[in-house]
Amino acid sequence: MNLRLFFQRFLRNDFFAALVILGIFLLTNRYIYGWDDQHLEIPLLKHLIDPALYAGDYYVESLSRNFSSYLYPILARLITVDMIPVVYLVLFCVVRYIFFYWVYRLWKWISGDQLTALCATLTLFLLGRSEEFIFRTFSHEEFALAIIFAGFYFFYRDRFLLASILLGIAANFHAIYALFPMVYLSVYVLLCVKDRGWTFLKTGLAFVGFASPFIIWHFSHALKANGGTVPVEEWVRLYLLACPQCFPLGTANPNEMITNFGVLFSRWYGYLFLIVLYGAHCLWNQDFRRDKKAHTIMGVSAFFVVVCFFCAYVKPVRFILDLNLTRFMSFAHFLLIGYTAVFLMKLAQKKELWWALMAGVLFLLIGWADTPMILSKILRYWWILAALGGFFAVAYQFRSSPFLPTMKKMFLVIPLAGMFVGYCQLHYNYVQMTQRGGGFWQLQRNWEDMQRYAKAHTPKDALFLTPYDMEMGGFRIHSDRRVIVCYRDCGIIGFDYQAVKEWQERIQEIEAFKVFTKQDIRPALMNAIGKYGATHIVFMRYYEPQGEVGFLKKMYANEVFSLYQVIR
């Protein structure tokens with residue numbers, strides 16, 4: 001009996017709910033190693049563990065001097081290079097679990113109901129996805145978000161000092177994401193807290209104190225930086241080339257939007273969606289209207305997006321662009337989508353059954369409407385709408401049943417269950433495509449195969465010329481070898497004018513040596529070998545040397561690439 005009671009309590013426990021959410025996330029979104037921005041992070045960590053790896057690589061050496069997250073120096077003292085894949089997987093699961101735990105606790109506090117909190121949390125990655133918070137790889141961002149959302153939860157609980165401490169700790173791992181909630185907290189304290197002066201002072205000091213390792217590093221690094229001014233037109237051009245994600249409109253030309261409605265709509269759609277959703281909550285959601293923290297978050301986010309537009313297109317300011325202020329909208333999106341689930345769950349509890357049906361349909365449509373591709377989602381997932389209609393017909397027959405309140409809640413569970421099935425299918429198809437698909441996936445499989453061969457059959461100090469524009473880049477990840485340049489070698493950790501100039505110069509020196517080329521690659525080969533001292537060349541097989549070449553020796557080939565050693 002005691003064991004049964006313990007089990008029942010465990011099933012209703014917040015820790016178990018977070019475990020369920022993590023399981024659903026892994027089934028629908030997967031974990032990936034050696035992908036995307038890990039092109040930066042994994043070589044950095046390996047170099048910190050073993051300085052002989054990537055020694056002299058212009059990019060990795062620069063990262064080891066300039067990258068501000070303390071996660072990688074800490075890990076470098078605790079693990080070996082061979083442990084990285086396993087440690088990353090374990091850390092990913094742990095920090096994702098902690099992240100979902102605090103998100104669930106937040107929505108449980110706001111809604112006062114476990115099922116509503118579960119739905120609001122699942123909405124994060126099944127409907128109205130907050131993409132910035134649900135990456136499928138492990139990095140300092142995922143690590144920091146687990147701490148940041150603990151701070152976000154305590155901010156909502158009015159435990160401002162504890163929230164500031166947690167956000168200060170998180171700043172040592174990802175300063176920008178930790179700064180955003182701290183700004184929300186500070187503005188809220190100044191505007192809405194009775195003892196605002198003392199509370200603002202102690203929370204600010206707490207944040208600065210616990211973030212002091214990062215702050216000290218940042219200012220000492222800034223003092224060592226080279227001075228000199230660069231014409232605005234020149235650095236803005238290179239900044240846009242290197243870091244388009246820091247500009248509110250990405251690579252789009254603001255002038256083009258005046259004449260091209262398609263570009264205007266696609267670039268502004270995300271902002272318009274959030275404005276409309278915020279207005280809807282203000283009109284019809286009484287709980288949201290009373291939430292001063294939510295209004296603070298929306299107002300601060302909107303203000304800084306306007307600042308970002310001004311400092312990107314009117315009077316460019318490098319420091320503001322480095323902060324990537326449009327990321328403020330990620331927190332606004334997270335809050336609005338979650339509040340949508342909370343509001344619609346209450347709407348479904350109204351007396352008339354058709355309110356529950358309308359809540360379920362709106363839940364789907366609002367979740368799909370966060371991108372302009374809502375029509376394609378309706379066509380793909382029409383069967384979820386049909387399931388809602390079928391369930392309504394069944395529930396109508398039981399409209400006098402004592403189970404009707406529970407059945408009404410199912411009108412929000414059905415859309416999430418349907419999207420769970422849909423994403424599981426997409427996930428399965430994705431895995432099959434990565435293992436057997438052609439095109440990009442065939443390229444990627446052979447790209448990783450070539451990296452593994454290079455690691456096993458070339459010396460640590462080898463320097464590779466590779467097709468620089470491979471979509472995922474990352475030849476360094478599995479090969480543990482230096483490369484001359486990759487198109488992804490900048491734009492991830494902020495803008496440095498001299499570093500971008502070197503990156504651009506290296507690209508220009510080997511510009512013809514890419515995945516698809518019709519240019520003469522011989523000048524690129526001569527520059528790679530003569531100027532940079534390349535010891536190994538990875539060719540696309542369709543343009544590898546035909547016949548013997550005196551200074552090249554073939555070592556290996558797969559379906560797509562071939563590896564040659566430079567003979568000196």
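1. In this predicted model, helix α17 supplies the largest share of the lining of the second largest pocket, namely 6 residues. The volume of the second largest pocket is about 250 Å³. Its lining comprises 14 residues, and those closest to the centre are Tyr271, Ile275, Met298, Ala302 and Met329. Two or more lining residues of this pocket come from each of α15 (261–284), α17 (292–314) and α19 (328–347). In class, the lining of the second largest pocket consists of 13 nonpolar residues and 1 polar residue, with no charged residue.

2. The next point concerns the sheet. Five strands form an open sheet with mixed pairing, in the order β2-β1-β3-β5-β4. The pairing of β4 with β5 (residues 561–566) is antiparallel and extends over 5 bridges. Within β5, tyrosine 564 is the bridge partner of lysine 554. Helix α24 (residues 440–457) packs on the sheet, where it touches β1 (463–465), β3 (536–540), β4 and β5. The direction of α24 makes about 30° with that of β5.

3. A helix pair also deserves attention. The axes of α2 (residues 14–29) and α23 (residues 404–436) come within 7 Å and cross at roughly 45°. Helix α2 is therefore oblique to α23. On the α2 side, the contact is made by Ile24, Leu26, Leu27, Thr28 and Asn29; on the α23 side, by Phe420, Tyr423, Cys424 and His427. This contact involves 6 nonpolar and 3 polar residues, and no charged ones.

4. The structure contains 3 cavities of 30 Å³ or more. The largest cavity has a volume of about 50 Å³. Residues lining the largest cavity include Gly34, Trp35 and Asp36, together with Trp447, Glu448 and His478. Both α24 and α25 (475–479) give two or more residues to this lining, and the largest share, 4 residues, belongs to α24. By class, the lining of the largest cavity holds 4 nonpolar, 6 polar and 2 charged residues.

5. The second largest cavity also has a volume of about 50 Å³. The lining of the second largest cavity has 8 nonpolar and 3 polar residues, but no charged residue.

How values were computed:
Residues are numbered from 1 along each chain as its sequence is written. This is a predicted model: local features need pLDDT of at least 70, side-chain atom pairs count only at pLDDT 80 or more; totals for chains, interfaces and linings use all residues. Side-chain values use heavy atoms; hydrogens and water are left out. On a 1 Å grid over the protein atoms alone, a cavity is a set of points where a 1.4 Å probe fits but cannot get out, and a pocket is an open set with protein on both sides within 12 Å along at least five of seven lines; lining residues have an atom within 4 Å of a point. Grid points are joined across faces, edges and corners, and a volume is the space filled by probe spheres set on the points. Ala, Val, Leu, Ile, Met, Phe, Trp, Tyr, Cys and Pro count as nonpolar, Asp, Glu, Lys and Arg as charged, and the others, Gly among them, as polar. Two strands pair if DSSP finds at least two bridges between them. Contact means heavy atoms within 4.5 Å. Axes are lines fitted to C-alpha atoms, for helices over the stretch in contact, and angles run from 0 to 180 degrees between N-to-C directions. Angles under 35 degrees count as roughly parallel, over 145 as roughly antiparallel, 65 to 115 as roughly perpendicular and the rest as oblique.
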